[in-house]
Amino acid sequence: MDEKDLEILIKLNEERNITKVAESMYITQPALSYRIQQIEKNVNATLFVRGRMGMRPTPQGEVFIDYAKNILSMMEEARETILQMNTEITGTIKLGVASTFGQYIMPNLLQDFLIEHPKVNANIITGLSTELAKHLESEDVHIAIIRGYDQWAEQKMLICEESIYVVSKDPIELKGLPDESMIYYKMDTYLKSLVDEWWKERFSEQRTSSMTVDSLETSKEMVRIGLGYTILPGICLSGERDLHFQQLINIAGEPVKRKTWALYKEESLNFKAVKSFIEFLDKYKEKIRDY
């Protein structure tokens, strides 16, 4: 017994005329009569009897027709739900995000994405780029947003490039940096390599550190009260008004830039939530292209 059998019983109850039902369902009357007999045999009950007013349901037929209506209604509801699941973006995306990107960019980015896709959940871990790359390799995350990792052989997207700045409370001459006190913090490997290369191009002296702190935010606050200068990526300087910063320029006269990439595996795009996030990120990067 299938949906068409249930539709036959419902139509026969409405029309009370087997000829009309046969015509409306594009089958012959003998074929329809045989099909009704098979349905009755299947449920072991007489569902319709013929009278002066045409076909009418027996008490058993009335009960079965009510069930048939409910079954067809539930099947239609199930189809709509499945269709909605196929068109609506749901699921969980697992993101590994470089710490500074996670602090300064990710909150607004994720808020905008979830406004478009409110039924998507996000699990986020932050850390150093090398650690996040390992999480991506082991598939602990779907997407890794990291800096300067050049060993990834699969899919990647350039999200933004940010300048690097010497930051001080008051203007200072860059040529005099070796004589100034630097407030040092633990840079990620990529940022440190960019700063080291820039420094070696300009100076023969080593950098002089007056203190070491635990984070770039702390170093920025130390600079704010005049304890020295620091070197920071542009991502954490947006909106700063009371600090002085100068862009690092290499020996070729070009700004020193730190690139941020989104890395992922092609197979991850089989998950609609992940694919939607990548597509959203591709559009959103225009907002955060340069710092």
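This report describes helix packing, nonpolar cores and selected loop residues in a predicted model.

Helix α6 spans residues 106-116, and its buried residues are M106, L109, L110 and F113. These four cover an arc of only 90 degrees around the axis, which puts them on the same side of α6. An α-helix has 3.6 residues a turn, so residues three or four places apart point the same way. The elements against which the buried residues of α6 pack are the strands β3 (91-98), β4 (120-127) and β5 (143-147), together with the helices α5 (99-104) and α10 (272-284).

The axes of α6 and α10 are 11 Å apart, and the two helices pack at an angle of about 120 degrees. An angle of 65 to 115 degrees would count as roughly perpendicular; α6 and α10 are therefore oblique to each other. Their crossing is right-handed. On the α6 side, the residues that take part are M106, N108, L109, L110, D112, F113 and E116, and they meet A273, S276, F277, F280, L281, K283 and Y284 in α10.

**Nonpolar cores**

The largest nonpolar core has 57 residues, of which F101 and F277 touch the most other members. F277 also belongs to the α10 residues that meet α6. Apart from neighbours within four places in sequence, F101 is in contact with M106, L109, I145, R147, I159, C160, I235, T260 and I288. A second, separate core of 19 residues includes I8, I36, I39 and F48. In soluble globular proteins, nonpolar side chains tend to be buried together.

**Helices α1 and α3**

Helix α1 (residues 3-15) and helix α3 (residues 29-43) have axes 11 Å apart and pack at an angle of about 105 degrees. The two are therefore roughly perpendicular to each other. In this pairing, K4, D5, I8, L9 and L12 of α1 meet L32, R35, I36 and I39 of α3. Among these residues, I8, I36 and I39 are included in the second core.

Y229 is placed in the loop between α9 (216-224) and β9 (230-233). Buried means under 20% relative accessible area, so Y229, at 1% relative accessibility, counts as buried. Leaving aside neighbours within four places in sequence, its contacts are V166, V167, S168, I172, L177, E180, S181, M182, I183, W199, R207 and V223.

E139 is placed in the loop between α7 (129-137) and β5; with a relative accessible area of 45%, E139 is partly exposed.

| Residue | Phi |
|---|---|
| N44 | near 60 degrees |
| E139 | near 65 degrees |

T19 is found in helix α2 (residues 18-24) and is partly exposed, with a relative accessible area of 34%.

Y229 and S209 are 20 residues apart in sequence and 9.5 Å apart in space. For T19 and S163, the separation is 144 residues in sequence and 81 Å in space.

Conventions. Residues numbered from 1 in each chain as written. Predicted model: local features only at pLDDT ≥ 70, side-chain atom pairs only at ≥ 80, totals over all residues. Heavy atoms only, no water. Buried < 20%, exposed > 50% of the residue type's maximum accessible area, 1.4 Å probe, protein only. Arc of directions from axis to C-beta. Contact = heavy atoms within 4.5 Å. Core = buried A, V, L, I, M, F, W, Y, C linked by side-chain atoms within 4.5 Å. Axes fitted to C-alpha atoms, helices over the stretch in contact; angles between N-to-C directions. Parallel < 35°, antiparallel > 145°, perpendicular 65-115°, else oblique. Left-handed = near helix turned anticlockwise from the far one by under 90°.
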